[in-house]
Amino acid sequence: MPKEQQASFEVHISSMVVLCRPDALESAVSQIKTNPLAEIHAVDESGKIIVVLETPSEQNILDGIQELENIEGVISATLVYHQVD
C-alpha cells in the first residue's frame with residue numbers, strides 16, 4: 001500500500017498550563033470540558049488549569065491551544081509536554 005494511503009495511527013498526548021483570570025475560572029473550566037479531546041487534570045483557584053489533549057495530529061494540538069486562548073478570561077495557554085505514540 002502506498003505510504004499516502006496508509007492510515008495514521010499516531011496519538012499525540014500534550015499537556016498545557018492554562019492561565020486565566022480568577023473571576024473567569026469557573027466559566028473557562030466549563031468551556032474546556034465541552035472539548036471531547038481535552039481533559040482537565042488540575043484546577044487552582046488562582047486561575048491555573050492543567051489540561052491534557054489527546055489528538056490525532058500536531059495540527060490538532062495547535063488548534064486546541066488556539067481554542068483555549070480564545071476562551072474569554074484566558075490569559076495564556078502554554079504547551080508543557082508533547083509525546084507521540
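Predicted model: local features only at pLDDT ≥ 70, side-chain atom pairs only at ≥ 80, totals over all residues.
Good morning, and let me begin with how this chain is held together: if we take the contacts between residues at least 6 apart in sequence, 66% of them join residues at least 24 apart.

Read along the sequence, the chain follows the pattern β-α-β-β-α-β, and its secondary structure comes to 2 helices and 4 strands. The C-alpha atoms fill a box of roughly 55 × 20 × 15 Å, when that box is taken along the principal axes. Of the 85 residues in the chain, 31% count as buried, while the accessible surface comes to about 5,600 Å², with 51% of that area belonging to carbon and sulfur atoms.

Let me now turn to one residue, leucine 53, which has its place in strand S3, residues 48-55. Is leucine 53 buried or exposed? Leucine 53 counts as buried because its relative accessible area is 3%, and the cut-off for that word is under 20%. If we leave aside the neighbours within four places in sequence, the residues in contact with leucine 53 include His12, Ile13, Met16, Leu37 and Ile61. Alanine 24, on the other hand, is 29 residues away from leucine 53 in sequence, and the two lie 21 Å apart in space, C-alpha to C-alpha.

My next residue is asparagine 35, which is found in the loop between helix H1 (25-33) and strand S2 (38-44). Asparagine 35 has a relative accessibility of 13%, and therefore it counts as buried. What does the side chain of asparagine 35 reach at 2.8 Å? It reaches the backbone nitrogen of leucine 37, and a polar contact of 3.3 Å also joins the side chains of asparagine 35 and glutamate 67.

Finally, a word about charge. Side chains of opposite charge can pair when their charged atoms come close. The structure holds 1 salt bridge, and in it the side chains of arginine 21 and aspartate 23 meet at 3.1 Å, N to O. Arginine 21 is partly exposed, with a relative accessible area of 38%, whereas aspartate 23 is exposed, with a relative accessible area of 62%. Over the chain, there are 4 positive and 14 negative charges, and the mean positions of these two groups are 4 Å apart.

Terms used
Residues numbered from 1 in each chain as written. Heavy atoms only, no water. Buried < 20%, exposed > 50% of the residue type's maximum accessible area, 1.4 Å probe, protein only. Polar contact = N/O pair within 3.5 Å; in protein donor to acceptor, adjacent residues only side chain to side chain. Salt bridge = Lys/Arg side-chain N within 4 Å of Asp/Glu carboxyl O. Contact = heavy atoms within 4.5 Å. Areas by Shrake-Rupley, 256 points an atom, 1.4 Å probe, with all protein chains shown as cover. Lys, Arg positive; Asp, Glu negative; His and termini not counted. Charge placed at Lys NZ, Arg CZ, Asp CG, Glu CD.
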